[in-house]
Amino acid sequence: MGLLMLIFTLCRVIFFIHNNNYFPEAGFLEFLSGMWFDLIAVCLLFYPLIAVELFPNKNRTSKWYRITTAILTYLAFTVGIFVNLIDIEYFHHTTTRSNISLFKMLRFGEDLKQQIPSFIGNYWYILLFFLIFLILTVLVLKRFNSWTDDSPKISIRKQLIIYLLVIASTVIIGRGGFIRKPITPTQAAKFTTSQNVPLVLNTAFTMINSIGAATIEEKNYFSEEELKNRYNPLQQYPSGGKVKGQNVVLILIESFTPEYIGAYHPQEEKSYTPFFDSLANQSLFFTNAFANGKKSLDAVPAVVASIPKLMETEYLLSPYAANEIDALPEHLGKIGYSSAFFHGATNGSMNFDAFSELAEFDNYFGRSEYNNDTHYDGTWGIYDHHFLSWSIDKMNEMKRPFFSTIFTISNHPPYSIPPELEEKFEYTPSEQHKTIMYTDYALQLFFEKAAEQNWYANTLFIITADHTPGTKQSQYSHSIGRLRIPLLFYHPLDTFFRGRSDKIAGQTDLMPTLLDLSGYQTPFISFGNSLFSHKAGLTAAQIGGEFIVFKTVQGVPYALTYRNEKAIGLYQLEDVNMKNNLLSEKQTIGKQLEQQLKAMIQVYNKKLIHNALTVDTSK
């Protein structure tokens, strides 16, 4: 156990060095607190071994017994080391310690099988550390774990006493001490600041803790009557219809972040998104838009069905994923729209093809439907510029008006671009910059071809991102920056969609916004609001046990962070590095946002638990 503790500590050091920009104020206290979670994780991993190895019996030195305990020992070491090493790199993209949902996600389709070669090629150093730690384990265990037939015999009575003492101690430590309920990842916040919680935690612990714990609790912060006044997800827009009868194309760009977008940094000479920048100047551009999660699995339910991530597990991996929902395709279908979901990845990836059926898209188009693997990138799917062009061909076949959702794939590790375009984007600081430029180029080709179609002038285009990628910049490693995404509405002819807006917007706002614009007048459930309604912008997310809610109060946009049933921070959005906590200074605003968030959580949990995300319009 001591050896595994040592290896966990080494993993934490590597984890910190590789992701140090996310923990600017971390120190010895975080590492000391982390050792407590390491010890808890070790006890949890060694439960089976201790139960078998120390169980009182006379066969302790027999060959079969030694083989059984050796297998359990190496299994505990292998699993513990492997999952902790995963987050050295994966945390860079999710900004939270992984849980069991990671493996649930990888089992969809052929994602894992396709990515193994690129994982090994790009993250070879993780494999190297894994092998070094395993070799160290084997050498040390062979040196100190040498039962033989000549080993001293211990009486059954002494074995029983040792067994009971060790089991009791292990259980107590594994629970987190003498506490009423076992310790959870959220309690790591007691040992450090919210920003440094992932550094304190241990991935083996968060993995084990999340097994079988995907359900949520029904909250009762407010009475039903008070709740209706504080937060009501029932939406209706009887007076809309700005683009009634027109086509809608919604483009989700993989890992598209303001960090690389020139429209957010006009003072800089170099832009990696020249086409997007030019489009932003001809669009209605929302500069305070935020993702409702940190993964693609969070984005699709948020955008298509207005369901944010307000629980630890991603909605599509939760027990509620099979709940009845009324999503955009179904709503728009009621007023004559055909619909299609385009995703160039291998069918089954992220389970998006199954979700598109649940959301009632008329068609799903993926790599299988594209049916030309000469354009396959070798890892994820079809290169963006090929697939986007093909998507236009398929839209030409759709009944009008149509609603299309297109999800790009290229701006994602291993950051592949077509070999014939390598020289075009040769001089960039990194592979990620290169794929950002390639994605922008693919977007340009898409619009150039779309402009030639007879439906183009009668179409509203919305472009946003699924989430942000990893970063080395401080302002994008804090809660505000790591959720900020681009959002623009572009219409070739309608000048209503021009200018810039600083209204707070979330991915969950897209469904109500489009239903408002399309003239849909039937009530529906949504955790967002139309961006063209009179209501102040409001959106929220949960990452790694921390909630964050964005809202403008008295003309000032704020972000409130919330963990363990209490608000822990209040920041103005312009405070991108989140250095000035205003919670004690602006208590009234902090309390208002905290209650707003609690009301949202209460409604969210109740709706999911009771499968109540739809409106019965037959009454």
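Reader: At what angle do helix 2 and helix 9 pack, and how far apart are their axes?

Author: This is a predicted model. In it, helix 2 (residues 28–53) and helix 9 (residues 203–210) pack at about 55°. Their axes lie 8 Å apart.

Reader: Which word describes that pair, oblique or roughly parallel?

Author: Angles under 35 degrees count as roughly parallel. Helix 2 and helix 9 are therefore oblique to each other. The crossing of helix 2 past helix 9 is left-handed.

Reader: Which residues meet where helix 2 touches helix 9?

Author: Helix 2 brings F37, I40, A41, L44 and L45. Helix 9 answers with A204, F205 and I208. By class, that contact has 8 nonpolar residues, with no polar and no charged ones.

Reader: Now take helix 16 and helix 17. At what angle do they cross?

Author: Helix 16 (residues 384–396) and helix 17 (residues 431–450) cross at roughly 25°. Their axes come within 8 Å. The cut-off for roughly parallel is under 35 degrees, so helix 16 and helix 17 are roughly parallel to each other.

Reader: Is the crossing of helix 16 past helix 17 left-handed or right-handed?

Author: Right-handed. On the helix 16 side, the contact uses D384, H385, L388, S389, I392, D393 and M395. Helix 17 supplies Y438, T439, A442, L443, L445, F446, K449 and A450. By class, the count is 9 nonpolar, 3 polar and 3 charged residues.

Reader: Next, empty space. What shows where it is left?

Author: Rolling a probe the size of a water molecule over the atoms shows where empty space is left. Here the count comes to 6 cavities of 30 Å³ or more.

Reader: How much space lies in the largest cavity?

Author: About 130 Å³. The largest cavity is lined by 16 residues, and T96, K295, K309, E312 and E314 are the closest to its centre.

Reader: What is the class make-up of the lining of the largest cavity?

Author: That lining has 2 nonpolar, 7 polar and 7 charged residues. Helix 3 (63–94) and strand 11 (538–543) each supply at least two residues of it.

Reader: And the second largest cavity: how much space lies there, and which residues line it?

Author: The second largest cavity holds about 90 Å³ of space. Its lining consists of E254, S296, H343, S349, M350, F352, W380, F407, T408, I409 and H412.

Reader: How many residues of each class are in the lining of the second largest cavity?

Author: By class, the lining has 5 nonpolar, 5 polar and 1 charged residues.

Conventions:
Residues numbered from 1 in each chain as written. Predicted model: local features only at pLDDT ≥ 70, side-chain atom pairs only at ≥ 80, totals over all residues. Heavy atoms only, no water. Axes fitted to C-alpha atoms, helices over the stretch in contact; angles between N-to-C directions. Helix = DSSP H or I, 4+ residues; strand = E, 2+ residues; numbered from the N terminus. Parallel < 35°, antiparallel > 145°, perpendicular 65-115°, else oblique. Left-handed = near helix turned anticlockwise from the far one by under 90°. Contact = heavy atoms within 4.5 Å. Nonpolar A, V, L, I, M, F, W, Y, C, P; charged D, E, K, R; others polar. 1 Å grid on protein atoms, 1.4 Å probe; cavity = no way out; pocket = protein on both sides within 12 Å on 5 of 7 lines; lining within 4 Å. Points joined across faces, edges and corners; volume = space filled by probe spheres on them.
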